[in-house]
Amino acid sequence: MSTGAVVLMVLALLLVWGGFAASITFAVMRSRGRRALGGRDT
């Protein structure tokens with residue numbers, strides 16, 4: 001495998017995991033915000 005392909009693979013993995021972590025963080029922050037408002041949505 002060439003170096004360019006390896007770099008591309010690592011970048012793609014970082015992108016996928018970054019998006020995954022960002023969506024999880026967003027969901028946690030949203031549920032915490034809801035709880036801070038009094039939990040009316042539950």
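A search of the whole structure, which is a predicted model, finds one aromatic pair. Trp-17 and Phe-20 form this pair in an edge-to-face arrangement, at 5.6 Å centre to centre and 85° between the planes. Rings of Phe, Tyr and Trp (its six-membered ring) pair if their centres lie within 6.5 Å; planes under 30 degrees apart count as stacked, over 60 as edge-to-face and the rest as tilted.

Trp-17 and Phe-20 are three residues apart in helix H1, about one turn of the helix. Helix H1 spans residues 3–36 and also holds Leu-13. The protein has one helix and zero strands (DSSP runs numbered from the N terminus: helices are H or I with at least four residues, strands E with at least two).

Accessibility is classed as buried under 20% relative accessible area, exposed over 50% and partly exposed in between (1.4 Å probe, protein chains only).

| Residue | Relative accessible area | Class |
|---|---|---|
| Leu-13 | 49% | partly exposed |
| Trp-17 | 55% | exposed |
| Phe-20 | 46% | partly exposed |

Of the 42 residues of the protein, 0% count as buried. Leu-13, Val-16, Trp-17, Phe-20, Ile-24 and Val-28 form a nonpolar surface patch with about 610 Å² of accessible area together (Shrake-Rupley method, 1.4 Å probe).

Residues are numbered from 1 along each chain. Local features need pLDDT of at least 70 and side-chain atom pairs 80 or more, and side-chain values use heavy atoms.

Methods. Patches are made of residues with over 30% relative accessible area and no salt bridge: like charges are joined within 9 Å, nonpolar side chains (Val, Leu, Ile, Met, Phe, Trp, Tyr) within 5 Å. A salt bridge is a side-chain nitrogen of Lys or Arg within 4 Å of a carboxyl oxygen of Asp or Glu.
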